[in-house]
Amino acid sequence: MSEWAPKRFWKSADIQITDHGFGVVLDGRPVRTPAKAVLHVPSRSIAERIVQEFDAQNERIDPRTMPFTRTANAAVDKVAVQHADVADMLADYGDSDLLCYRAEAPDELVARQNDMWDPLLDWAARQLNARLEPRVGVMHAPQDTAAVAELRNGVHALTEFELAAFHDLVAISGSLVIGFAAKAQFKPIEELWAASRVDETWQQEQWGEDEEAKEMAEHKKAAFLHASEFMRLLSVQTSD
């Protein structure tokens, strides 16, 4: 049997201004989330992307081609109702941040990690008031409690829509610092993605490229870049 998929039932998708920001209507009826809440976003730019995703659907709806709709749904249905739990989960990365665990050898990998990761840790110390210290090896060693607390406060201060995007930035990269750097646009997002893949890139250079690993990395990169774009558009000011 072929996989079932819902059919397109609308002719036009449009933006509607709501009490919560911007909604999307299909033939005049509001789009609802999987939990049946009325979908809303705080940015017209994101609403425009959601409209484009609905407009691009053919006879059969493919949710995989609707990342902005999916992230907005997650913000409304999941993050908004368990904001503290999601924030705590992501804040925990601060005590075991990818950027803090360095190789002992070979020298070339050590130098590459230092070159790509040290500027990010220095930025976090300046801009987030959180100095995280690198260590050699993979065994966990606690970071300074004051630095971890600063990062935790920063995560909890994010809105539900920011947190929905931030989740993917952090979970995919393994780094709370990279997540904050992406939000602040400290470096081009492609550079931040490369920073999160230093070890994998090194292994690939030594042993060759695995097709399955390559495909998985491409999916992760697409999700990472989408999360960055969603976060960026949250701050874009457009007229009503």
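## Second largest pocket

The lining of the second largest pocket splits into six nonpolar, three polar and eight charged residues. This is a predicted model. The pocket holds about 400 Å³ of space. Its lining counts 17 residues, and Arg197, Glu200, Thr201, Gln204 and Ala217 sit closest to the centre.

Four helices each give at least two residues to this lining: H4 (107-127), H8 (189-196), H9 (198-207) and H10. H10 supplies the most, with five residues.

## Largest pocket

The largest pocket has a volume of about 920 Å³. Its lining is made of 34 residues. Met66, Thr69, Arg70, Thr71 and Asn73 lie nearest the centre. H2 accounts for the largest share, nine residues.

By class, the lining of the largest pocket has 20 nonpolar, eight polar and six charged residues.

## Nonpolar core

In soluble globular proteins, nonpolar side chains tend to be buried together. Here the largest nonpolar core has 66 residues. Ile50, Val155, Leu163 and Phe166 have the most contacts inside this core.

What does Val155 touch, leaving out residues up to four places away in sequence? Its partners are Ala87, Leu90, Ala91, Leu163, Phe166, Leu176 and Phe180. Leu163 and Phe166 are on that list, and both are also among the core residues with the most contacts.

Terms used. Residues are numbered from 1 along each chain as its sequence is written. This is a predicted model: local features need pLDDT of at least 70, side-chain atom pairs count only at pLDDT 80 or more; totals for chains, interfaces and linings use all residues. Side-chain values use heavy atoms; hydrogens and water are left out. A nonpolar core is a set of buried Ala, Val, Leu, Ile, Met, Phe, Trp, Tyr and Cys residues joined through side-chain atoms within 4.5 Å. Buried means under 20% relative accessible area, exposed over 50%, partly exposed in between (1.4 Å probe, protein chains only). Contact means heavy atoms within 4.5 Å. On a 1 Å grid over the protein atoms alone, a cavity is a set of points where a 1.4 Å probe fits but cannot get out, and a pocket is an open set with protein on both sides within 12 Å along at least five of seven lines; lining residues have an atom within 4 Å of a point. Grid points are joined across faces, edges and corners, and a volume is the space filled by probe spheres set on the points. Ala, Val, Leu, Ile, Met, Phe, Trp, Tyr, Cys and Pro count as nonpolar, Asp, Glu, Lys and Arg as charged, and the others, Gly among them, as polar.
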